[in-house]
Every structure is written in structure tokens, then in C-alpha cells.
Amino acid sequence: MTKSETTLSKLRAGSNSTQECKELMSYLPKDRNFFTEHLYQYQGFWYPPNLLEGVLYSQKHFHARDSDIILVSSPKSGTTWLKALAFALVQRQEFQNPLESHPLLHNNPHSLVPFIEAFNFHTQKDTFPRIFSTHIPLGSLPESVQDSSCKIVYCCRNPKDAFVSLWHFMKRLVLKEMVGCTMEEMVRGFCRGSSVYGPFWDHALEYWKESLENPERVFFVMYEEMREKPEEWVMKIAEFLGCSFTEREVEDGVLEDIVNLCSLENLSKLEVNEKGKLVNGMETKAFFRKGEIGGWKDTLTPLLAEEIDKATEEKLLGSAFRFFC
Ligand code: A3P
């Protein structure tokens, strides 16, 4: 079995789903998917079997604390970056000189901040505060998260760049098995909402609304705005998380050091991110590519871009929300 097949079979899973998950899948709406056989619609959003299992597991077993920080995003919207930044922000007293012996220099951000739907949240060290991440939509978050006053940071990216990033990520991960799917088919699935954790737009809109109604609970950031003005946004995130920078820290370059430490340029060159693997076998380099704003132009034809734009227009009808570009 090749490396890519190993990763793919983990993503496909399903065959070793629990009885409960199998029963649920037997009556959930399903749709064809390009790399797992089917996606299943649960509580309005679409999942492959292994992620559905993870969502069910987290809904039952994840116990949030009021002091927890939960980082949320749709896949390929800046999760890795946000994990690095949040970790570096809240741990900054412990690692005074981040450019020397910082955990992020030797650990991929996904190893430091677990996904709550990835079965390994128990392994999170008992740091204070605990930081977790998730792609779970607002309405499906474990009850304990909904009932707690933990802080949620949501990172949103424009749908065309997120789609293209996912396309390249899947190609890197599953290689040959992608041959059966054309980009046209994948765009169509994405536009009708049936992509992993999709509909992409509903995911963002729900958290955006929540951030307006409960600004002390949910902070909404745009990947593109962070790319353009990282220091400004990192300061805002720190303020939201209750660990604002002091003037002295800013003067001493602590903010700048954190931004540099967590930059795509820096993280992607580290050995752990060039050659490492996560516990699930995924190669860490798959999480770093170009990080461009509008980079979709290199991959999407004008016609496919138009299809996504049309879906975006329809989804945002009647809403004041706008993606960055
Ligand atoms: P591209 O594929 O457009 O380059 P996620 O972390 O949610 O999986 O998102 C991956 C996207 O974020 C990729 O985008 C990747 O290059 C970009 N990315 C990863 N680390 C980053 C960082 N430290 N700063 C900015 N972008 C980053």
C-alpha cells in the first residue's frame, strides 16, 4: 500500500465506523463525493464517514471549559496559521524569545492545537487556557461549547481561494485517486453545498451572525485582512482573547516576533513542516502552499469562477455579509 493510499483509506474510513454511525448514515441524505464514495448530510452540513464519526464523538465526549479557546474555520481558510498565532499569543510569557526555542519551531501547529472532532482532544496538554480547533458548524458544536463561555475565533476566506486551496490539498494527499474527479465536478459539488463541512457559505454566515450578536463570544476574522495587516489583526485577536499586548511588548518587538514566527514564509521552511507527518499520517508540507489573495486565478477557468461567484451571490442574498474578494 502506498503512502497516499494509506492516507486515503483513513479519510474514507466508514468501514470501521461505529454501529451508531453506520445506522445514522443509513438514513441520512447522501451525495456523491470525489474522494470518499459519499458525503452524508448531518444537521444541515456534509461530512465523509470518518468526520461524521468525529463530530458525533465530540458532541458526546468533548467537555468545554469556560476558559477554553476554540478556533473555527472552513477547511483551507487559514486554520494552520490561526492555530500557530493563537498558540504563540497565549503562551508568549513562557517563550520569551520566540525565534529561538519555541515549540512552533519543532511542532506543526496541528500537533499543538488538536481538532475537537479528531478523537485526540484528550491528548491536549492541560495548559491554561486550552486551545482547540474545529471545522464544525456553529449549530453542531458540542453542547458543552454552546453552554460555556469559551471564546471562539472564526477565520473566513473567500470561497474561490478556499476551494482552490482544497483542490490542491486533495491532489497532494490522494494523488492518483483524484483522477476520477474533474474540477468541474468538484466545483459543482461545492456550489450545491456538498463539500466537506459545506455549504461553505452557511458555515461562515452562521458564525458571522453570531459574532455580531455575541461579540464577546465570537470574533470573526478574514484571512485576507490578516494577510494584508497581520500585526493589526493579531493585536485584535489578542485583545479578544484577553491577552492584549502592552505598549512595552509592542516596543520590544514581541508582536512582530510572533507575526514573523507564524508567517507562511517561516513555518513552511521549518524541517518539521517540510518533512514531518501528523499522527494520522498526513504530510505536514501539505498545509503550506502559496497563501495568496486571489491566487484562484491560476487554477480556475473564468467559467468555473463565475459558477462559484453565482453561488456566492445567491447565498448572500439579503445579507450584509461580504467576502473579501
Ligand atoms: P493556499 O493553498 O491558498 O496556499 P488551512 O490551514 O485551513 O488548511 O489552510 C491552508 C491555506 O493556508 C493554504 O493556502 C496555505 O498556504 C495557507 N497557510 C498555511 N499556513 C499559513 C501561514 N502561516 N500564513 C498564511 N497562510 C498560511
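User: In which loop is tyrosine 197 found?
Analyst: This is a predicted model, in which local features need pLDDT of at least 70, side-chain atom pairs count only at pLDDT 80 or more, and totals for chains, interfaces and linings use all residues. Residues are numbered from 1 along each chain as its sequence is written, and side-chain values use heavy atoms, leaving out hydrogens and water. Helices (H or I, at least four residues) and strands (E, at least two) are DSSP runs numbered from the N terminus. Tyrosine 197 is found in the loop between H8 and H9.

User: Is tyrosine 197 buried or exposed?
Analyst: Buried means under 20% relative accessible area, exposed over 50%, and partly exposed in between, with a 1.4 Å probe and protein chains only. Tyrosine 197 has a relative accessible area of 3%, so this residue is buried.

User: What is phi of lysine 76?
Analyst: Lysine 76 lies in the loop between strand E4 (69–73) and H4. Lysine 76 is not a glycine, yet its phi is positive, at about 70°.

User: Is the peptide bond from glycine 198 to proline 199 cis or trans?
Analyst: Proline 199 is found in the loop between H8 and H9. Omega for the bond from glycine 198 to proline 199 is near 5°, and the bond is cis.

User: Which residues is serine 211 in contact with, leaving aside its neighbours within four places in sequence?
Analyst: Serine 211 lies in helix H9 (residues 200–213). Contact means heavy atoms within 4.5 Å. With those neighbours left aside, serine 211 is in contact with Val218 and Phe220.

User: Why do H8 and H16 count as roughly parallel to each other?
Analyst: Axes are lines fitted to C-alpha atoms, for helices over the stretch in contact, and angles run from 0 to 180 degrees between N-to-C directions. Angles under 35 degrees count as roughly parallel, over 145 as roughly antiparallel, 65 to 115 as roughly perpendicular and the rest as oblique. The axes of helix H8 (residues 183–191) and helix H16 (residues 302–316) are 10 Å apart, at an angle of about 5°. H8 and H16 are therefore roughly parallel.

User: How many residues has the largest nonpolar core?
Analyst: A nonpolar core is a set of buried Ala, Val, Leu, Ile, Met, Phe, Trp, Tyr and Cys residues joined through side-chain atoms within 4.5 Å. Leu52, Phe163 and Tyr207 are among those with the most contacts inside the largest core, which has 107 residues.
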